[in-house]
Amino acid sequence: MAAEKDTDKIIKKELTYIQKVWHTVAIVALLVGVILVARVAFNVLLMMLAGSLIAVYFHGFGDIIQRRTRWSRTWAMTASLIISFLVLGGLLWFMGAKIQVQIAQLSSTLPHTVSTFKAKLGETPVGQKILESVSGGNSDSLMTTVQTFLGTSFGVLGDIYIILLLGVFFTASPSIYKKGILLLVPKPKKELGEHIMDRISISLKGWLKGMMVSIVLITVLISVALTIIGIPMTMVLGLITGILELVPNLGSLLAMIPGVLLALTISTNTAIVVALVYIVSQTITANIVTPLIQKKIINLPPALTLVSQLIMGTLSGALGIILAVPLLAIIIILIDELYVKKIN
């Protein structure tokens, strides 16, 4: 009898061990599967994040309307959607034709401007070395990198359409998606899950508010200043600068390039003045907007922000660069709530 009991214990231990092995294998396989799916559908996940930011904007605008008018939530959100699309449509209607003409002019002018710049650069020994470093294989590699950064999943218009559609869906019934996420959280942790989601929402609202103020301010400053100086196509240059404001660190440098190149066709002194205009405008915007952003969003280290942009740009092109900062903020909040606060 004792021998039989010992045999039963050994068999049970072996079964328990085998079950643990299979559980481990299943967990590892599930994680690998999730990682593979996330890698393949990463751009789709980013578009979902972009759609969520659109919904955050609509809800933020709806909150303002509700506070000012005392309307019900439904009417405030409806007004938020209608007013936003009417303003966007009005801007496209009144300014679209002029912007389209200026874009065509810029597209036809820049190649000649770049050729002129190369010719002037080649007149100096330092300039010749710079041209040699970006020619040949290095030039092809640079173009490949640029194409990767500017690439999108379904084309620019397709991505914009999907993001707007997702934003409208998330705006119409946010509680469905919030409850769906909370269903994945164990009951004892649901309160923590709601707290994390609220903190992420506040952070994204702060980032979005700061970005909108920054975009409008820098677009107006650059457009007015370049018009005073006498640079052509100021509306498009201002719009490019405003859009690139979504990309911290890199955006201001990239926005300066077409403006300075066009100024070089007038004179070197004009190019220097234009460069100073960009630098001063960016400084003014940063000093006004950065405190506003940091009140609502966690303080992100500049080096970490730059690294996240480079990684996201390599993985997902322009959309990844734009969404690198809010995605980094979400990751830091999750690490802070789920790990840092526990160990401290």
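Which residues form a nonpolar patch on the surface, with about 550 Å² of accessible area together? The patch is made up of Ile331, Leu334, Ile335, Leu338, Tyr339 and Ile343, where a patch consists of residues with over 30% relative accessible area and no salt bridge, nonpolar side chains (Val, Leu, Ile, Met, Phe, Trp, Tyr) being joined within 5 Å and like charges within 9 Å. A salt bridge is here a side-chain nitrogen of Lys or Arg within 4 Å of a carboxyl oxygen of Asp or Glu, and accessible areas come from the Shrake-Rupley method with a 1.4 Å probe, only the protein chains shown counting as cover for residues.

The model is predicted, and local features need pLDDT of at least 70, while side-chain atom pairs count only at pLDDT 80 or more and totals for chains, interfaces and linings use all residues. Residues are numbered from 1 along each chain as its sequence is written, and side-chain values use heavy atoms, with hydrogens and water left out.

The secondary structure comprises twelve helices and zero strands, helices (H or I, at least four residues) and strands (E, at least two) being DSSP runs numbered from the N terminus. Of the 344 residues in the protein, 29% are buried, a class defined by under 20% relative accessible area, with exposed meaning over 50% and partly exposed in between (1.4 Å probe, protein chains only). The protein exposes about 21,700 Å², of which carbon and sulfur atoms supply 73%. Among contacts (heavy atoms within 4.5 Å) between residues at least 6 apart in sequence, 69% join residues at least 24 apart.

Ile335 counts as partly exposed because its relative accessibility is 43%.

Four aromatic pairs are present in the structure, rings of Phe, Tyr and Trp (its six-membered ring) being paired if their centres lie within 6.5 Å, with planes under 30 degrees apart counted as stacked, over 60 as edge-to-face and the rest as tilted. Tyr57 and Phe58 form a tilted pair, at 5.3 Å centre to centre and with 55° between the planes. The rings of Tyr57 and Phe61, by comparison, have their centres 6.1 Å apart and their planes at 25°, so this pair is stacked. Tyr57 and Phe61 both lie in helix α2, four residues apart, or about one turn of the helix. Phe58 is buried at 4% relative accessibility, whereas Tyr57 is partly exposed at 24% and Phe61 is likewise partly exposed at 22%. Together with Phe85, the residues Tyr57, Phe58 and Phe61 form one aromatic cluster.

The loop between α2 (42-69) and α3 (73-121) contains Arg70, which has a positive phi of about 65° although it is not a glycine. Most residues other than glycine have a negative phi. Arg70 is exposed, with a relative accessible area of 73%.

Residues up to four places away in sequence not being counted, Leu226 touches Ile231, Thr234, Leu237, Val274 and Tyr278. Leu226 and Tyr278 are 52 residues apart in sequence, and their C-alpha atoms are 9.4 Å apart in space. Thr234, which lies in helix α9 (residues 234-244), is buried with a relative accessible area of 13%. The side chains of Thr234 and Thr227 are joined by a polar contact of 3.1 Å, that is, a pair of N or O atoms within 3.5 Å, of which, within protein, one must be able to donate a hydrogen and the other to accept it, residues adjacent in sequence counting only if both atoms are side-chain atoms.
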